[in-house]
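Open your viewer and get ready to select. We will go stop by stop.

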Amino acid sequence: RPPRPTPCPDLPSVRWPEAGRRLARHIGSGLAVGLGVPALPVLGRNFAALRETEMMAVMIEPAFLTATEMEELSAEELAVRESEALFRGLREYFSVL
């Protein structure tokens with residue numbers, strides 16, 4: 001049985017799953033803008049890495065996203081763009097706290 005969600009220490013009224021969904025939406029938005037791909041829905045999953053934690057967790061797999069422009073990038077260029085896109089999403093999330 002998964003542990004009960006605990007309140008976020010900085011935001012007492014927010015529970016981890018709720019905060020994780022918000023973070024996932026911001027990261028997804030950052031990836032869509034940064035990589036030029038359509039925004040994907042945020043899907044809740046029952047993965048142990050997400051379920052069996054006492055902190056907020058988000059799982060992403062940007063390498064599975066495809067766009068014509070991305071296919072022409074080297075692995076290093078793609079990694080840089082993915083990193084910048086992830087940072088954009090994280091920055092958006094933390095700017096609204």
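In which helix does Leu90 lie? Select residues 75-95: this is helix α4, and Leu90 lies in it. A helix here is a DSSP run of H or I with at least four residues, and a strand is a run of E with at least two, numbered from the N terminus.

A word on the model before moving on. It is predicted: local features need pLDDT of at least 70, side-chain atom pairs count only at pLDDT 80 or more, and totals for chains, interfaces and linings use all residues. Residues are numbered from 1 along each chain as its sequence is written, and side-chain values use heavy atoms, leaving out hydrogens and water.

Next, color by pLDDT, the predictor's confidence in each residue from 0 to 100. The protein chain averages 77, and 74% of its residues score at least 70. Confidence is highest in α4, with a mean of 90. It is lowest in helix α3 (residues 68-71), with a mean of 68.

Now show the whole chain as a cartoon. You will find four helices and zero strands. From the N terminus, the order is α-α-α-α.

Which residues are buried, and which are exposed? Buried means under 20% relative accessible area, exposed over 50%, and partly exposed in between (1.4 Å probe, protein chains only). Of the 97 residues in the protein chain, 27% count as buried. Return to Leu90: it counts as partly exposed because its relative accessibility is 33%.
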